[in-house]
Amino acid sequence: MPPTNITITLHWQNQHGTRAANIVCEDSPPQTLIPILRAGCGLPAADPQGSAIPYLLRVGNPSGPHLQNERPLSQQGVCDGSHLWIGALRANPSSPRHCGLVLGEGGALLLPPMGVAITRRWLLDALALFHPDAYAHEMRLFDAGRSDYRFVSKHPHCRIGMIAGVWQIHTERDDVATIHNNAPLIPQQPRPLSDGDTLQLGEAGPQVGIMLL
């Protein structure tokens, strides 16, 4: 019996930003689908040195759990309407990597190696870039005093950057909370970041994810 079809929303990142498309694909294992999806998204098959780039399919967001290569999609919980991300296999932790901040609403921003100070305005600008409708809704909530973003400081809340080849997060403030993997940061004590980490900005503020490439 031939494989049945599943309609998914496929997301990927290229030099122009985050892209998405609705795709009807066979209910096949990722190892069969990935070469077809990669080519359709215009993603490179090899790096500049000519080495093949391994890809994975992840569920929900760029730092979500990856699908097993040998099992059909439906056996791994993928169904019509599922959101999948295709991306390169993450580099070895000892290698230099890029760091991306994954918004709760979807979309990821690659951060400059010199680092970035996270502020309320910076996060809202990111939301406006990826999700204009969500941004407009958040502004209405903000005016009503009900937005989660009101817990993020207008001044530098925390900072993410590469120190000695390792992506780290640190804060100099004890008057606002920065919660890393459910544990509050201690001022002046940088903490290394790992792929899939979560950050909550403020006691009841928005949550974002960390993606290391």
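1. Cys158 counts as buried, at 4% relative accessibility (buried is under 20% relative accessible area, exposed over 50%, partly exposed in between; 1.4 Å probe, protein chains only). Cys99 is buried too, at 0%. The model is predicted: local features need pLDDT of at least 70, side-chain atom pairs count only at pLDDT 80 or more, and totals for chains, interfaces and linings use all residues. Residues are numbered from 1 along each chain as its sequence is written, and side-chain values use heavy atoms, without hydrogens and water.

2. How many disulfides are there? The count is zero, with a disulfide taken as two cysteine sulfur atoms within 2.5 Å. The sulfur of Cys99 has its closest cysteine sulfur in Cys158, 11 Å away, so it is too far for a bond.

3. Six strands form an open antiparallel sheet, ordered S6-S5-S14-S13-S10-S11. Strands are DSSP runs of E, at least two residues; helices are runs of H or I, at least four; both are numbered from the N terminus. Pairing needs at least two DSSP bridges. S6 and S11 (183-184) are the edges, each pairing on one side only. S13 and S14 pair antiparallel over three bridges. Gln200 stands opposite Gln207 of S14.

4. Helix H2 (residues 120-130) buries Arg120, Leu123, Leu124, Ala126 and Leu127. These residues lie on the same side of H2, because their arc around the axis is only 155 degrees (directions from the helix axis to the C-beta atoms).

5. The cover over these buried residues includes S5, S6, S7, H3, S13 and S14; contact means heavy atoms within 4.5 Å. H2 lies across S5, S6, S13 and S14, at about 130 degrees to S6. Axes are lines fitted to C-alpha atoms, for helices over the stretch in contact; angles run from 0 to 180 degrees between N-to-C directions.
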